[in-house]
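I opened the model to look up a few local features. My notes follow, in the order I checked them.

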Amino acid sequence: IGAEDRKIKMKVPFFTGALGSTEIARVNWEGTAIAVAICGAVLICGENVCGMDPNAEFKDGRVIKSPELERRIKVYKDWYEGYGTMLVQANVEDTRLGVPEYAVDKLGVEGIEIKWGQGAKDIGGEVKLPTLERALQLKQRKYIVNPDPEDPAIQEAYKAGGIREFERHSRLGMVEEESFLREVERLRKIGAKYVTLKTGAYKASDLARAIKFASEAKIDLLTVDGAGGGTAMSPWRMMNEWGIPTVYLESLLYKFLKRLDEKGEFIPSCAIAGGIALEDHIFKAIALGAPYVKAICMGRATLTAAMVGKTQGQLLQKKYGKDKEYQEALLRTFIGAIELKEKYGEDFERIPPAAIGIYTYYDRLATGLRQLMAGERKFALKYIDRNDLVALTREAADVSGIPYIMEADMEEAEKILG
């Protein structure tokens with residue numbers, strides 16, 4: 001993926017979407033980062049990590065130190081093997097706090113992903129805050145916190161138990177072409193090797209705006225996230241019901257990209273996200289958007305593999321302790337564990353079960369994808385196209401432009417019959 005003169009090579013055509021400032025992302029970061037680095041995919045550190053870091057330091061409203069972001073980058077770099085890269089997202093708050101400059105200049109991050117939302121929502125990111133002290137800290141960092149923790153009445157209600165938690169919200173971005181092009185150029189000037197854009201399940205005109213601006217700026221990757229998506233930091237109905245579903249959104253994406261392509265305009269590498277979890281999903285998503293969709297972005301699916309791996313590891317440790325029996329139990333539980341042990345030797349013990357879980361899951365996806373491709377006689381990703389699909393219903397055919405199953409391939413069938 002990426003522009004012609006700065007390609008990002010990956011071992012697999014799928015990568016892990018933004019794991020940002022939520023607690024679920026923080027506690028699962030190590031396993032995810034190690035596994036994605038080993039698998040040779042792109043890893044994206046999501047929005048608001050510096051702003052939410054309780055130990056972050058700021059000067060004149062700009063971040064000068066974030067132990068949490070430092071930790072995340074170090075884990076990935078320690079296991080990085082030359083494929084993929086790590087991107088750090090920047091939303092309105094991150095830009096205001098100077099996160100891109102800190103990440104690129106001080107921590108050596110190669111790329112910045114501009115954030116316009118995601119399939120889970122078209123609002124800014126939100127997280128729960130369990131204490132008044134935490135809510136006050138983030139309000140002082142200029143975040144929007146609801147209800148207002150500085151209000152004496154709210155503080156009294158909290159002390160009385162009427163309010164048990166607060167919500168931190170990010171500001172909404174309002175995008176214009178000129179300001180977007182300026183921001184992309186600014187990010188390149190501060191040293192970002194790669195500049196990408198993540199956008200969500202918005203209406204057709206906003207998708208067209210994202211595609212057109214991405215083309216004008218010649219960005220390295222455009223990720224379009226359909227509903228339902230997200231990593232569980234949004235209201236459940238919002239994640240699953242409030243945006244444009246992925247198949248509909250990708251059909252629009254293909255239509256708009258084809259129009260720009262026919263006019264000879266620059267077409268960025270594209271990725272699609274939103275509820276994709278299995279190898280047949282991946283095959284269909286690449287085919288539906290071919291030849292423009294180069295990769296698949298997955299959030300909840302990767303986190304699920306991490307948490308299953310971690311849970312199994314805890315159960316095994318409880319049963320066997322941390323001795324030889326535990327290591328042998330890991331090899332029995334995860335089919336990918338023996339490969340990792342053979343490759344890394346003594347360092348295998350440094351790989352947490354969460355990472356083994358993701359590595360095994362990614363191997364399953366890669367193997368399944370190869371099998372589907374072989375069945376379709378497509379022996380490289382570049383050969384997958386829209387002819388590999390049929391629509392099971394008339395509505396699906398109308399939405400996607402893919403032939404209805406009773407009409408697909410009929411011309412060839414008639415030739416065979418004479």
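Asn48 sits in the loop between β2 (43–45) and α3 (49–52); helices (H or I, at least four residues) and strands (E, at least two) are DSSP runs, numbered from the N terminus.

I note that this is a predicted model, in which local features need pLDDT of at least 70 and side-chain atom pairs count only at pLDDT 80 or more, while totals for chains, interfaces and linings use all residues. Residues are numbered from 1 along each chain as its sequence is written, and side-chain values use heavy atoms, with hydrogens and water left out.

I then checked Lys218, in the loop between α10 (204–217) and β11. Lys218 also has a positive phi, about 55 degrees, and at 44% relative accessibility it counts as partly exposed.

I found a cis peptide bond between Asn146 and Pro147, with omega about -10 degrees. Pro147 lies in the loop between β8 (144–146) and α8 (152–160). Another cis peptide bond joins Ala290 and Pro291, with omega about 5 degrees; Pro291 is in the loop between α13 (279–288) and β13.

**Strands**

Is β11 buried or exposed? Five of the five residues of β11 (residues 221–225) are buried, so the strand is largely enclosed by the rest of the structure. In a regular strand the side chains alternate between the two faces of the sheet. In β11, Leu221, Thr223 and Asp225 are buried on one side, and Leu222 and Val224 on the other. I see β10 (residues 194–199) paired with β11 in the parallel sense over four bridges; pairing requires at least two DSSP bridges between the strands. Lys198 stands opposite Thr223.

I also looked at β3 (residues 57–59) and β4 (residues 62–65), which pair in the antiparallel sense over three bridges. Glu57 stands opposite Lys65. The two strands form a hairpin with two residues between them, and Asp60 in the turn has a positive phi of about 55 degrees.

**Helix α14**

Just after α14, Gly321 takes a positive phi of about 75 degrees.

Notes: Buried means under 20% relative accessible area, exposed over 50%, partly exposed in between (1.4 Å probe, protein chains only).
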